[in-house]
Amino acid sequence: ENVEKEEDEAKKKGLLDKILMIEIKEKDIEEALEDLELELLEADVALEVVDELKDRIKRNLVGKKVRIGTNKEKIIEEAVRKAVLEILTPEKKMDLLEEIKKAEKPYVILFVGFNGSGKTTTIAKLAHWLKKNGFSVVIAASDTFRAGAIEQLEEHAKKVGVKVIKHKYGADPAAVAYDAIQHAKARGIDVVLIDTAGRSETNRNLMDEMKKIARVTKPNLVIFVGDSLAGNAIVEQARQFNQAVKIDGVILTKLDADARGGAALSISHVINAPILFVGIGQGYEDLIPFDERWFVEKILG
Ligand code: GDP
């Protein structure tokens, strides 16, 4: 008798659930999606990424059954978070320290990015971080073009206690990088960081220069350094570099000054490479491994 009663209760509950559940329709979330679109565009997220996000949210929500009375905003907010996190999370997480440990010495990292993006500072920060983690480092001064570039790099390198391999201004950047690798090989140095130029001139094609350096040095990793304050412009920059030399990872600088951070979302989607680190200040300690969850909080609050 008891069993029957329980079955009865369960049936009733099932029926009640059916009555109390409603299916989310596209029109239920349209307005919220439009608001979100505006917010994201204001935060400097590229249009194609906004569309991708909206698609993901729709796929996630339309047709889903929820209990009557459930807070609609909450459901949408959850879906937005999930979609942003999906876009930011790389298919394969990279553990740089492990990669370096596994690879044949020296591990070569080629840095590309436009002038002023924070490339030189970032190289010094990464050198500092690698040293802290027990690796020896040498830097190649392959921006042989911009006046002052070599001295500036040397100054940073001195402060973090790393040697710079350099030639004269106007020298072949690929040859400098090659020398740095030979230097590292001869001395058993773990990592070579290659600084490069960040501007084209009429007589000099930056992308061809990057291709040549990559051909000569066969880097284990190509990192694009982008200034998050430049907003969507860095998505275009990354695209250009990515066509010349395949970008494996991104470092975004000046995130301490960029409250919006939308470019980060765009970049990882558009070039399909993970954000490895973010710069959050001018000091050598101000480089932190990228954390998607931290970032979602930053842009969605
Ligand atoms: P490069 O031309 O790309 O080599 O750029 P630099 O490394 O010379 O950096 C340009 C300026 O940006 C310098 O004043 C740096 O101190 C500053 N910078 C670099 N990274 C960051 C960062 O994460 N936060 C802040 N606030 N400033 C940064």
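**Entry 1: helices α6 and α7.** I looked up how helix α6 (residues 119-132) packs against helix α7 (residues 149-160) in this predicted model. The two helices pack at an angle of about 20°, and their axes lie 9 Å apart. I therefore recorded α6 as roughly parallel to α7, since angles under 35 degrees count as such. I noted the crossing of α6 past α7 as right-handed.

I then listed the residues in contact. From α6 come Thr120, Thr121, Ala124, Ala127, His128 and Lys131. From α7, the partners are Gln152, Leu153, His156 and Val160. By class, this contact comprises four nonpolar residues, five polar and one charged.

**Entry 2: the cavity.** I searched for cavities of 30 Å³ or more and found one. The volume of the largest cavity is about 40 Å³. I noted its lining as Asn115, Asp143, Phe145, Arg146, Ala197, Gly198, Arg199, Glu201 and Arg204. Five of these lining residues are charged, two are polar and two are nonpolar.

**Entry 3: backbone geometry in two loops.** Most peptide bonds are trans, and most residues other than glycine have a negative phi. I looked up two places with this in mind.

Between Lys105 and Pro106 I found a cis peptide bond, with omega about -10°. Pro106 belongs to the loop that runs between α5 (96-102) and β3 (107-112).

At Lys218, a residue other than glycine, I found a positive phi, near 40°. I placed Lys218 in the loop between α9 (206-217) and β7 (221-227).

Methods:
Residues numbered from 1 in each chain as written. Predicted model: local features only at pLDDT ≥ 70, side-chain atom pairs only at ≥ 80, totals over all residues. Heavy atoms only, no water. 1 Å grid on protein atoms, 1.4 Å probe; cavity = no way out; pocket = protein on both sides within 12 Å on 5 of 7 lines; lining within 4 Å. Points joined across faces, edges and corners; volume = space filled by probe spheres on them. Nonpolar A, V, L, I, M, F, W, Y, C, P; charged D, E, K, R; others polar. Axes fitted to C-alpha atoms, helices over the stretch in contact; angles between N-to-C directions. Helix = DSSP H or I, 4+ residues; strand = E, 2+ residues; numbered from the N terminus. Parallel < 35°, antiparallel > 145°, perpendicular 65-115°, else oblique. Left-handed = near helix turned anticlockwise from the far one by under 90°. Contact = heavy atoms within 4.5 Å.
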